[in-house]
Amino acid sequence: MLETSDLTRLTVFYTQDLAGDLSRLPRLYSLIETLRLRYGAALLLDLGGQCAPDVWHCAVTEGRSAIVALDGMGYHAANVAHTLSEASRQKLLGSVTMGLVDERRAWRYHVPPVMDEGIVISLDPVPALRLNVVLTPADATRLEHNTLHVQRVPAWTVGVAQLDLRDLPTLVHTAEHPLTDAHEPHPTIAAVVELVLEEADWLRQRGG
């Protein structure tokens, strides 16, 4: 593991309101991969709205389908406060690696090979030794002391916030990158989505 002090710069990619449309995830992943080429390694977060109750696989899995798909895409943490019930959350434990953040649970930065207990991802502002990233969408991206609020982005848009973590955290860059038809579906994530939908259909056939 790298020492905490070695993490001097942090790039955050974030999405929201994907509403259970798993068919677009392979193209979204291609966009994220393109952004990684531009920005480098990044913390990948979702601000919520991963599923929608009128989408069949969301209803059958109680929101777990979208979370499993995002986990397969390498998301590090997500706001699941309005997606997962406590029972549905418990069913995911041990099967996903991403942080499931809600009103009672935060996630501390752990992106191998770096673990930094001083960086906390939470639903609402909480004390943090180095940086607190809030997963509730804000009207504007801003850094208040060591708390980062990120601006609400449209669905199928990747928001970007870059910070310099030397001394006091400093916000150095923000951007929004929408998904376009130029982004081809990534075959690995297409396979992930197919598997998630097959499992959801199996649940539907056996009655939940």
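Start by selecting Leu 18, Gly 20, Asp 21, Leu 22, Leu 25, Gln 50, Ala 66, Leu 70 and Trp 156: together they line the largest cavity. Here a cavity is a set of points on a 1 Å grid over the protein atoms alone where a 1.4 Å probe fits but cannot get out, and lining residues have an atom within 4 Å of a point. You are looking at a predicted model, where local features need pLDDT of at least 70, side-chain atom pairs count only at pLDDT 80 or more, and totals for chains, interfaces and linings use all residues. Residues are numbered from 1 along each chain as its sequence is written, and side-chain values use heavy atoms, with hydrogens and water left out.

The largest cavity has a volume of about 40 Å³, counted as the space filled by probe spheres set on the points.

Next, keep Leu 25 selected and extend to residue 39, which gives you helix α1. A helix is a DSSP run of H or I with at least four residues, numbered from the N terminus. Among the buried residues of α1 are Leu 25, Leu 28, Leu 35 and Tyr 39; buried means under 20% relative accessible area (1.4 Å probe, protein chains only).

Finally, select Cys 51 and Cys 58, which a disulfide joins, S to S 2.1 Å. A disulfide is a pair of cysteine sulfur atoms within 2.5 Å.

Conventions:
Helix = DSSP H or I, 4+ residues; strand = E, 2+ residues; numbered from the N terminus. Expected span 1.5 Å × (residues − 1). Buried < 20%, exposed > 50% of the residue type's maximum accessible area, 1.4 Å probe, protein only. 1 Å grid on protein atoms, 1.4 Å probe; cavity = no way out; pocket = protein on both sides within 12 Å on 5 of 7 lines; lining within 4 Å.
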